[in-house]
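This report walks through a two-chain structure by topic. Please look at the sequence and the model first.

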Amino acid sequence: MLNYTLRRLFFAVPTLLVISFLIFLLLDLAPNDPTGNLPMTIPPEVREKIRISLGLDQAIHIRYIKWLEQFFVSEPLHVLEQWFNISIGDSESRVRVQSWATRSPAFDLIAERMPQTLWVVGMSYVVGILIALPIGVISAYRQYSWFDQVGSFISMVGFSVPTFFTGVLMIVVFSVKLEWLPSIYDTTLEVVDLDSFWLQFKQMIMPVMVLGLFNAAQLSRFMRASMLDNLNQDYVRTARAKGIREKSVVLLHVLRNSLSPVVTVLALGIPTVFGGAIITEQIFRVNGLGQLLIIGIQGADIPLVQTLTFIFAILIVLFNLIADVLYGVLDPRIRYE
Amino acid sequence: MRKQFILTAAAAALLANGAWAARGDDGHVNILYWQAASILNPYLSGGTKDIESSSLIIEPLGRYDENGNLVAWLAEEIPTVANGGVAEDLTSITWTLKQGIKWSDGTDFTADDVVFTAEYCMDPNGGCQQETKFADVDTIEALDPHTVKITFTVPKPFPYGPFTGGESPIIQKAQFLDCMGPNAPTCTEANFGPHGTGPFRVTEFRANDVISMEANPNYRDPNKPAFASLTFKGGGDAASAARAVLETGEFDYAWNLQIDPSILSSMAEAGKGTVVSAFGTGVERMMVNLTNPAADLGEARSTVEGGPHPFLTDANVRRALSLAIDRVTLSEVGYGDAGKPTCNVLPAPAIYASTANDECLVQNVDLANQLLDEAGWMPGSDGVREKDGVRLSILYQTSTNAVRQDTQALVKQWWGDIGVETELRNIDAAVFFGGDQSSPDTFQKFYADIEMYTNLFNGTDPEAYMNNWTCDEIPSPANNWLGNNMPRYCNPAYDDLSVQLSKTAAIEDRAVIAKQMNDMLMQEGAMIPLVHRGRVSAHINTLGGIKLNTWDSELWNAADWHRVK
């Protein structure tokens with residue numbers, strides 16, 4: 001297992017390098033320009049100078065190599081310096097990955113937004129799992145019952161109605177009509193006492209539920225299908241024949257065996273938690289990574305978009321590996337040698 | 001929040017009793033811009049959101065009020081030839097600064113800061129985005145701690161480029177000293193929290209999200225601002241920003257609500273807030289390509305070398321296209337309170353607005369048809385007019401934007417009524433306005449027959465704007481497509497007027513010339529103006545002191561904002 005993991009990690013390096021180059025090429029070839037959103041009053045000559053000041057006049061391979069150096073050398077060194085409070089080499093003149101729109105290090109922007117994304121999107125993932133698992137189990141156990149039918153209907157609706165619709169619908173109902181919940185996420189709110197916790201709770205309900213229901217719809221279908229596969233297996237009949245209580249049969253034997261594919265799906269979904277929820281974050285104005293990405297794309301902030309997408313790529317490769325390893329741990333029949 | 005609410009209520013009670021409120025009495029104010037501020041240094045970002053958010057903190061020497069008049073801000077008065085501030089030969093201007101002004105860190109504001117600001121922006125390696133403000137500046141010197149003299153290389157009839165308006169505020173020398181030239185982008189701390197002379201100062205800046213501010217303790221008026229703290233939230237979209245002010249009342253002020261007018265008015269019916277609008281210089285117009293955009297011309301496509309356009313060079317066709325458009329409907333459908341029909345590219349300030357072209361205000365399909373008939377453009381078997389094998393078939397492009405696509409659809413229908421075939425195209429704004437040399441879809445390359453967008457100018461002086469349509473400004477491969485003359489219009493008489501304008505100082509005479517230039521462009525059909533666009537914002541009913549200003553930052557008088565009962 002350790003060998004397998006190390007081998008996979010080793011092969012991930014060239015994969016990631018190729019991915020980073022592809023992202024760079026894609027962004028470079030896209031007909032987008034950092035001066036595109038400036039007001040019309042800024043004349044073309046000045047725009048050209050701005051482009052040059054951003055380094056856009058250099059050849060593409062030079063810009064790529066510079067980015068690689070900033071990402072793989074400057075940033076890790078900076079992190080080390082911050083952690084251990086030391087200085088390594090010429091840290092004054094070291095250039096970190098700079099966002100064009102804010103003229104500040106892209107990693108600082110990402111670090112600033114990571115907590116909100118993990119809280120809101122991560123919470124919605126947890127909520128989604130908590131809703132999906134019981135529904136999936138009951139739906140499968142009572143297949144074609146009214147509960148299963150209603151559950152199927154709701155998850156189909158949840159899956160096919162986009163979050164930009166449910167989000168706005170919730171705002172209109174709960175913020176505009178009922179005036180119970182805020183429609184805009186206050187990102188400056190700090191939880192220090194019960195009152196502020198309550199405010200934080202209120203402002204998180206809508207984005208978390210919108211995303212959570214969407215996640216739950218997907219996961220509950222997975223859980224249901226996996227349970228159904230197992231319920232008809234011989235070992236279930238054997239267990240029942242041995243006189244084991246029905247509760248133990250379903251919750252201990254069937255559920256455990258059904259969970260392994262679901263856990264894989266869950267692990268593969270974790271990178272999307274980090275990726276944030278572009279649409280939901282935009283609707284509720286949560287300052288997460290998804291919103292950062294969309295602002296970066298709109299403003300053609302190429303270093304920021306490149307860095308964010310590449311981090312997502314790393315996470316996806318990593319969690320694919322974790323899912324594979326977990327699969328082996330959960331199911332003794334699977335061995336990687 | 002609760003404490004602030006009590007403070008607010010207390011302040012409102014005070015005001016109601018007629019007592020004068022002191023600084024910070026009105027608690028907290030929330031401002032919502034649906035584009036988030038990225039940086040608080042307008043010299044490094046020309047984006048409106050960045051200029052306007054920083055205008056709460058840093059200020060210019062003079063700025064425009066809501067009527068477009070220059071008012072002294074950090075200066076004692078606006079220098080003019082009459083008061084001796086501007087030299088007789090128009091080559092220099094001398095500003096006298098107000099006494100006793102302090103930066104938010106408590107140090108004195110002096111002429112050195114003003115001189116430094118100019119050096120900062122004029123550094124060729126800095127990538128300064130407001131460079132045009134300092135065009136033709138020769139030297140800037142501090143004569144004494146409160147006097148600054150700017151000398152120009154040429155006579156400047158309108159010498160108010162540097163240090164007037166929200167785009168050209170004064171930054172603190174001490175703070176930005178190490179941020180010159182190539183170092184400019186690395187000064188994150190200064191760019192995110194500039195020291196200023198304005199009513200507020202930054203307590204926390206989160207790029208692309210939210211700015212927290214508090215009243216500047218060193219602000220020159222001890223009773224202002226009325227608000228102790230301020231939140232400047234960004235992001236989202238215009239419709240939900242409008243909702244947050246007009247329907248839920250979570251925010252006090254929302255900027256630039258360019259959404260479907262019927263949605264905006266139904267939101268306003270909730271009674272919580274007020275929609276305000278004002279008109280500046282923006283005009284939604286069609287640019288008429290006078291050169292040939294045919295794809296088979298290759299490199300010479302849409303250039304003067306490529307030859308004239310097959311049919312848009314016919315003045316009758318251009319006039320007919322303009323007459324067939326119902327501008328009243330266009331502005332009602334797309335813009336509501338924020339638009340009115342216009343027949344000029346220079347519709348404001350009032351002194352510059354011409355009335356010579358008002359024919360186009362009323363749609364006249366019959367006259368359009370008659371013009372085309374007389375010019376020999378006859379309908380073919382499919383109803384599309386043609387002459388000598390040339391069909392009146394137009395490729396009409398614009399940026400992707402709901403209102404623009406509505407306009408396109410309406411225009412296509414009206415042009416169909418006069419036998420003109422139209423193909424519509426929309427391009428993402430970041431590409432269309434992006435100016436990427438390798439993209440064929442930029443508005444400068446103009447590989448189409450007609451293109452539509454809004455252009456405008458800052459401040460009130462139209463000289464630079466009107467110079468956009470001189471022969472030198474024609475974009476072509478030779479100048480890397482860097483030019484503003486999209487129609488590729490070239491008329492020596494127009495260029496003469498432009499030279500004349502640059503030598504004329506008296507405002508009445510300038511107005512006469514600018515009007516002539518506008519009329520020339522309109523009557524020769526280089527552009528088809530459609531809608532004079534205003535700015536629409538909204539504020540909650542308890543927020544007082546709003547004077548919507550389209551000539552300068554919308555937040556220009558935030559020091560005077562207060563709570564009303």
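## A buried cysteine and its partner

Cys187(B) has a relative accessible area of 14%, so this residue is buried. The structure is a predicted model. Cys187(B) is bonded to Cys179(B) in a disulfide, with an S to S distance of 2.0 Å. Cys179(B) is buried too, because its relative accessibility is 2%, under the 20% limit.

The S-S torsion of Cys179(B) and Cys187(B) is about -100 degrees, so this disulfide is left-handed.

## The other disulfides

Over all chains, the count is four disulfides. In chain B, the bonded cysteines pair in sequence order as 1-2, 3-4, 5-6, 7-8.

Cys343(B) is linked to Cys360(B), with the sulfur atoms 1.8 Å apart. The torsion about this S-S bond is about -115 degrees, so the disulfide of Cys343(B) and Cys360(B) is left-handed. The two cysteines are 17 residues apart, and both sit in the loop between strand 12 (339-341) and helix 10 (365-374) of chain B. Cys343(B) counts as buried at 3% relative accessibility. Cys360(B) also counts as buried, at 6%.

Cys471(B) and Cys490(B) form another disulfide, S to S 2.0 Å. Which hand does the disulfide of Cys471(B) and Cys490(B) have? The torsion about its S-S bond is about 100 degrees, so it is right-handed. Cys471(B) and Cys490(B) are 19 residues apart, both in the loop between helix 13 (463-466) and helix 14 (492-503) of chain B. Cys471(B) is buried at 19% relative accessibility, because the limit for buried is under 20%. Cys490(B) has a relative accessible area of 46% and is partly exposed.

## Cis peptide bonds

Lys224(B) and Pro225(B) are joined by a cis peptide bond, with omega about -5 degrees. Pro225(B) is in the loop between strand 8 (210-215) and strand 9 (229-234) of chain B.

Another cis peptide bond joins Ala348(B) to Pro349(B), with omega about -5 degrees. Pro349(B) lies in the loop between strand 12 and helix 10 of chain B.

Ala300(A) is not a glycine, yet its phi is positive, about 50 degrees. Where is Ala300(A) placed? It is in the loop between helix 11 and helix 12 (302-330) of chain A. Ala300(A) is buried, with a relative accessible area of 4%.

Phe446(B) is in the loop between helix 12 (429-432) and strand 18 (450-455) of chain B. Its relative accessibility is 0%, so Phe446(B) counts as buried.

## The interface: extent

How many residues of chain A are in contact with chain B? The contact takes in 52 residues of chain A and 60 residues of chain B. The area buried between the two chains is about 4300 Å². Carbon and sulfur atoms give 53% of that area. In chain A, the residues that lose the most area to chain B are Met40(A), Arg103(A) and Arg285(A). Together these three account for 18% of what the chain A side buries.

## The interface: contacts and make-up

Between chain A and chain B there are 16 residue pairs in polar contact, with both residues at pLDDT 80 or more. Several helices of chain A contribute to the side that touches chain B. Helix 2 (44-53), helix 4 (106-141), helix 6 (163-177) and helix 11 (289-298) each supply at least two residues. Helix 2 of chain A gives the largest share, nine residues. By class, the chain A side has 22 nonpolar, 18 polar and twelve charged residues.

The count of salt bridges between chain A and chain B is two. One of them joins the side chains of Glu179(A) and Lys272(B), with an N to O distance of 2.9 Å.

Key. Residues numbered from 1 in each chain as written. Chains lettered and ligands numbered in written order. Predicted model: local features only at pLDDT ≥ 70, side-chain atom pairs only at ≥ 80, totals over all residues. Heavy atoms only, no water. Contact = heavy atoms within 4.5 Å. Buried area = accessible area lost by both parts, 1.4 Å probe. Salt bridge = Lys/Arg side-chain N within 4 Å of Asp/Glu carboxyl O. Polar contact = N/O pair within 3.5 Å; in protein donor to acceptor, adjacent residues only side chain to side chain. Helix = DSSP H or I, 4+ residues; strand = E, 2+ residues; numbered from the N terminus. Nonpolar A, V, L, I, M, F, W, Y, C, P; charged D, E, K, R; others polar. Disulfide = S-S within 2.5 Å. Buried < 20%, exposed > 50% of the residue type's maximum accessible area, 1.4 Å probe, protein only.
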